[in-house]
Every structure is written in C-alpha cells, then in structure tokens.
Amino acid sequence: MKALHNLIEKKVKPHFEQDGRLSKFYRTFEAFETFLFVKGDVTTRGSHIRDAMEMKRTMFHVLIALIPALLFGMWNVGYQHYQAIGVDVDVLEAFWFGVLRVLPLIIVSYAAGLAIEFLFATIRDHEVNEGFLVSGLLIPLIIPVTTPLWMVAVATVFAVIIGKEVFGGTGMNILNPALLARAFLFFAYPAHMSGDEVWIYTTLQEGQQLVDGFSGATPLAVLATGEIQSLPSALEMFLGNIPGSIGETSTLAILLGAFVLIATGVGSLRIMLSVVAGGMFMGLLFNLFAVNEFMEIPAYYHLIMGGFAFGTVYMATDPVSASQTGTGKYVYGFLIGVITLLIRVVNPAFPEGMMLAILFMNVFAPLIDHYVVRANVKRRLKRV
Amino acid sequence: MWSPSAGCSKRAFMTDSRKVVALTGSEVENPRYYRVHAGVRLDNIAGNNVLQEEGVTPRFISGDALTGEKISANGFIGFYDSQATVIPEGDKPELIGWLIPNMQRFSVSRTWPSFLMPWKKYRLDTNIRSGERPFVITGLYEKYLPMDILPMQLLKAIMINDIDMMENLGIYEVAPEDFALCEFVCPSKIEIQSVIRDGLDNIQKEFA
C-alpha cells in the first residue's frame, strides 16, 4: 500500500500539478486519487477531530441499498422475456439474460454522467463531487429495459447539466437528477417510454415467437384501460415478477433497501413514512368516493404497483431536492403521496404519477421550507 | 473569592496567577491536573508525559479537541484555556479507507461499526477524511444543536452575508463553540465554526 501511494505521489502526481504537462486534468487525477485513498489531510481550523462519516461513505450505503432492487430487476428482465416467448428457464439463466441487457445501460449512464461531472469540475476548479455515484445507478433502474443506449446517454447528459450543474453542482440542485432524466425521456421520446411493448425485452432471435395472448402491460396500464380482472395478484405485485421498469417492480427488494437506508440512518424515515401516509390517505379517500373501478381498488395496492415504492425509498428521500427542514419533510412527503394518487387515478393522460409528483414537490420544497423558516423567525421575535 | 483588601494576612495582598490546568488526550501517558501559572509553556508540564510512538506525530492543542487552538510542542497554553490536549495527527493515507469497515473509526452515524460498541474508547486523530463539499445531508445539525435555531439556514445566510437573514435566524444567540459538535459530525466537512466567527465579525463591522 505504501508502495502504491508513493508511486502515485512521486511518479504520477507531478504530471498533474501546476507546472506539469497534464495540469489541466488535475481534478480528474484528484478524483481517482481520493477514490483510491483517504488522503492524509489533517484539520487546520475549527474542530481538530472529525466524524469518520463523509459523502463517499454515505453514497456507498445508498448503493448497497439499491443492490436488492438491481439484482431482482436483472432476474425479472430475463424472467419476463422467457415468459413472453414461452420458454422455461432456471433462475441463473434468466438472471444472466438480465445482466447482459441491464449492464450496458448502467455503463452508459455512469460514463455519460461522470464525463460531464469531471468536465465541470475541471472548468469550475472544484473537487469532483460524489453525487453522481448514486444517480448513475438510479437512472437505469427507472427506465424500461428496451431503452436504446443513446437515449440513456442523452438523458443523463441533460439531467446532469440542466438538472445539476447549471444550478451549481451537487448540493445546489432543485430537481432530482435521476427523475429529470426519466422525465426527459418521457417527454422527448414518449413512444419508447410508454405503451405495452416497451417493458419486456421482446427482440426475438431465429425460431422464437411470442406466446398467444402475450401482453406486456404493467399493472397501472391494465388499470388505466379498466380491465381490473387481468390485474396480477397482490402477492405477485409485491414480489415483483411483473412487467415494469427495471428496478421498480419488486416492493420486497425495495423494502430491503429501505431497511438498509433506515438502519444506517442515511435515508429519511420521516419522508418515507409521510409519502406512504399521503398515498394511503388519498387511496382511502378514493375508496370512499369511488365513482369508477379504478378508485375502488384497495388503497394498499397503490403502494405495490408501479414506481410508488421505488420513488418513496430512493427518490423522495434525496436530501438535496427534498424539503430541508424537519417539519417541512412531513408536508413534502405527504403531498407527494397525495399527488401521485391523484395523477394515477384522476388524470387520464398519465398511468404513473410518482415521477411527476416528486418533481412537482421538488419545485415546492423551497416554498415549504420558507414557511418553516418564517415560523422559526416569528418565534424568535416573540422571545426578544 | 480573592479580593486584595479581604483578610489580613500578607497573602491576601498578592494575586495568585496560578490556575488548574488539565492535561488530556489519548497521547498523554498520565492524564492529570497541574497547578500552573497562566500562560505556561506546554513542554514544562507535558514534556515527558507524551507517548512516543513510531510514525505517530502528536498534535498539541491549547483547549479541548473541539474548540481549541493548535500549538507547537513548546507552545503556550492560552490565557482563557484550562486544558491542554494531545492527540495523534491523522496524516497517514488509507487505501480505500472510505469503503473498508474499520473498528478503529468512530462515527455518530450508523455507517461505521462504532455504534455497535458504545463502550469502546477511541484514539481519535486529526484526519479530515474528505475535501469540503456543499451541504447535502439535512436534518443532522439540528440533532446536535439543542437550540431553537435552524443551523443550516443560518450558515447559508452567513455565507452569502445577508445581515437581515442572519439576525432573523439567530446569529445573536450563538457563539462558534455552540456549533463545535455540528462541525464534528458534518459529513460535508464544512468549517462551521469559522463560518459563524466570520458572520459575527461581519455583523460587528456592519454596526461598528
């Protein structure tokens, strides 16, 4: 280890410093250096001792929390494909099929996003921030597996530039970058993002054909057309072997991730519970005033269908774009749940409401915080 | 209370500039109290009391580890300080140190195994572990500042030098030491105490 460190400091680093040939790329070098090593930099001002937690460690735990959804999603991609062509395969074969389809999406997402991050770090001369380590994995998990790779790249570049860098980089963004990528894809290439053909990998090879009666519709699409009877069972929707975006189908896998986030204290339990409370509240309200079949389905069905669980656990809890005051988080989460159900059930144009609800509340989070701050100021003035 | 005119013995007319100073920290062999004069030189009291370990540089602090001033080995204990701390410098790089579980690291969060061993004593060093980042994690400072203040909003107001906002958010109620714990736990490694100090100085200049 000492040898590696010496090698990097003495042989590689001088090229990137002030008078080296590659001094323009210092920030890139620094990013790899801090990835390989926790440097021996010491405190100079303020507290002499510091907590061992820092951003890389935090992001790393979010990545761990995403692994159950990722692994299940990969298996599900293969399982849905083989179901569609009527072939029975075992777990490993289905999983391997999924790996081959999902890994390119992940690689393209990280490559495009990190390229932009490195570019801006060099232009603005600050350290490369770790924010994209998580967004880079979130983006592939919320898109259909049939998304072309170039679309993923364009959407990621859009999300990182317009969603983050334009506002000042990690920590300054108003909107959730992963959801912005998804929204970009949804509005720019709607034919590739919705409908019944996109959720399952159905590009067939020689000799394969789709089974009779094959439908690639997600549960929400089924409900939107009113065919309540062809809805999968609640157990199937909870376990996740249904069509949908890669990472969103299995509520069970997402719950495992939620457990990791809450156990390590990285994810906000407050926001997660508020979103669920808002969703249940709206669902029960619809049950009460049901005027069509969609409103009659049990309220808890909404938690296991579509992107509700994934959005609750990984998207709504993004600390930068969520409400940043404690009281604000309750309001923020509750309204996300309410608006998601509103868009799903009442709006005929969108079968899924989670993405739009979260983006909408991201825009309103500063307003919520403003009122919480005002209340704090008023309390202070009373004390004076 | 000493008063030059109280009592009738000769001693009552001499002020005693001695005070009790505690020598603390993991690098001290025998942590103990000393009765010394104010402004004593550190090596006069701690000279042979510091652990010498191969490859470990000690950091000498006048005051405590959260709010004290760094001094050299033969530096002086500050007038207002009644403690001197000696801790190891954390100047050794670690290979992928942010990833590998390590029982010697302490964190208030549950991202390190330290929360499983609440009885364990740690040898905290001065390694900062990360460059400065923007505010990302929210809700953390409020847990470590038991006042009715919104710490992150106050810090942001100071950073943009918005005097009105600073006053509204309670800059008059705080001193940098109040934020020492917030600075300790901050995952973005922001120099919070310095920010508060700058805010207070700016306000003083503004209304001078």
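Which residue in strand 6 of chain B is the bridge partner of A:Phe37? The partner is B:Leu95. This is a predicted model, in which local features need pLDDT of at least 70, side-chain atom pairs count only at pLDDT 80 or more, and totals for chains, interfaces and linings use all residues. Residues are numbered from 1 along each chain as its sequence is written, with chains lettered from A and ligands numbered from 1 in the order in which they are written.

Strand 1 (residues 37-38) of chain A and strand 6 of chain B run antiparallel and are joined by two bridges; strands pair if DSSP finds at least two bridges between them. Helices (H or I, at least four residues) and strands (E, at least two) are DSSP runs, numbered from the N terminus.

The contact between the chains takes 46 residues from chain A and 58 residues from chain B, where contact means C-beta atoms, placed from the backbone, within 7 Å. Among the elements of chain B that give two or more residues to this side are strand 3 (58-62), strand 6 (94-95) and helix 5 (192-206). Helix 4 of chain B gives the most, with four residues.

Within chain A, the axes of helix 3 (residues 55-84) and helix 5 (residues 132-141) come within 10 Å and cross at roughly 15°; axes are lines fitted to C-alpha atoms over the stretch in contact, with angles from 0 to 180 degrees between N-to-C directions. Helix 3 of chain A and helix 5 of chain A are therefore roughly parallel, a term for angles under 35 degrees.

Technical notes: Contact = placed C-beta atoms within 7 Å. Parallel < 35°, antiparallel > 145°, perpendicular 65-115°, else oblique.
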